[in-house]
Amino acid sequence: MTLTEKLLARAASKKRVQAGDNVWVQADILMTHDVCGPGTIGVFKREFGKTAKVWDRNKVVIIPDHYIFTADSMSNRNVDILRDFVKEQGITYFYDVIDDPNGHWVFDPTKGAMKRQHGSHYAGVCHAALPQKGHTRPGEILFGTDSHTCMAGAFNEFATGIGNTDAGFVMGTGKLLLKVPETMHFRLEGKLQPGVMAKDIILHSIGEIGFDGATYRAMQFDGPGVASLSIDDRMTIANMAIEAGGKNAIFEFDAQTQAFVDYRCKLNGTNPSYEPVTRDKREKFSYELVLDLSKLEPTVACHPNPGQRKLARELNAIKLDRAYIGSCTGGKTSDFIEFARILRGKRVIIDTFGVPATPEIVHDLQTARWGQQTVWEILVAAGVKMTENAGCAACLGGPVDTFGRMNAPLKCISATNRNFPGRMGHKDSQVFLASPATVAASALTGKITDPREYLPA
Ligand code: SF4
């Protein structure tokens, strides 16, 4: 069996499963957020009754993150609905935007969009928050009402996005009927060259198979090249499996995974026990690709979908209006470090927005020093508009007052993960997906630029 088949077999209490089998799977965690949470709660109440209780109050994790720092009252109301539900159900893990369980978040115009507008429990973008808060464990099944839930496949678990109807059912029963996906095999060999990042690996892979090339399939990443990839790198790759239509992504368990998960579970007092799955000799794949990481170059997915692969150096004629770094894919500490490595001591010439994925990442960037300056100060000095309000922000457009949203038909290079028309706001805007290093170099020139031209000595 492949890693994904092993995970699903275990969760279905079966010795073996194969691609195409339909199995009832036991969930370990159900995550929902402010966009889909209210709808999921509605389905749950409709189907299980107004007084029903969730199947396990310690396994439903609620993370508001999408439409948070906005004056839009309907968006704010979504978070109020989550807060009321958490109180009613006694849910343990709720990362509210405010500290008062009876309060209501209000935009403070004196702070504006850049100064912190959240309380101490807020956790930021759900997919980055889940591992930081100790909710991703090898061997487990994670369902989330968000397509990028596949990011947690970096931790050797089965993680996939589900709709509100399925999530309402999981909320009530802890189970879901799933078809076992076929597995596509991506064997990684070699090591990335300077200026090339994990984002380039996944953009290259999606370019190879197309933006629907993995539809309802597992994408298994393994091989000797994985050892040189950090946990952040693996998260970036797993995150974008859905951009090829993938059901899930999956990585092998290793010492890095163990160190990360053990530390995070201990830090947060979450369940510290888990059982990884390992590869066996009888894996059956529906597709095989060997990638020599040392041969990859900075890569861009052009408008209008993540499969439109080109090399950054081929796109130097494309003039840009905006650069954006943020999101679950590209808003991690290591992403900002690479971004700052290129920008340090220089100045961007186009509007450039920075949105860390979580408050912990904001803290990292505001405390990590590079010489006399923090990483945050380096970025601000370079002209990047950095907000302390970690969250999804303009990654998915959002209400018109969303920080960094494209309210005009602009061309933007972005470290985010999706670029279908209208994704970051205006329906006639164009988004070019790239690594944080490529976004940084392009912000310096106002054109799509290969970051290897700007690597510090
Ligand atoms: S940052 Fe973007 S991709 Fe990630 S969860 Fe938020 S909206 Fe989705």
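I looked up the shell around the ligand by class and noted six nonpolar, six polar and one charged residues. The classes take Ala, Val, Leu, Ile, Met, Phe, Trp, Tyr, Cys and Pro as nonpolar, Asp, Glu, Lys and Arg as charged, and the others, Gly among them, as polar.

I noted that this is a predicted model, where local features need pLDDT of at least 70, side-chain atom pairs count only at pLDDT 80 or more, and totals for chains, interfaces and linings use all residues. Residues are numbered from 1 along each chain as its sequence is written.

Next I asked which residues come nearest to the ligand. Of the 13 residues around the ligand, these are Ser327, Cys328, Cys392, Cys395 and Leu396; a residue is near if its C-beta atom, placed from the backbone, lies within 6 Å. I found that α4 (126-132) and α9 (327-330) are the elements giving two or more residues to this shell. Helices (H or I, at least four residues) and strands (E, at least two) are DSSP runs, numbered from the N terminus.

I then looked up the domains, whose bounds come from an automatic or database domain assignment. They are domain 1 (3-177), domain 2 (180-295) and domain 3 (301-454). The ligand lies between domain 1 and domain 3, because both give residues to the shell around it.

Last, I checked domain 1 against domain 2, and their C-alpha centres lie 22 Å apart. Domain 1 brings 35 residues to the contact and domain 2 brings 34 residues, with contact meaning C-beta atoms, placed from the backbone, within 7 Å. On the domain 1 side, α1 (3-11), α4 and β6 (158-161) each supply at least two residues.

Key:
Contact = placed C-beta atoms within 7 Å.
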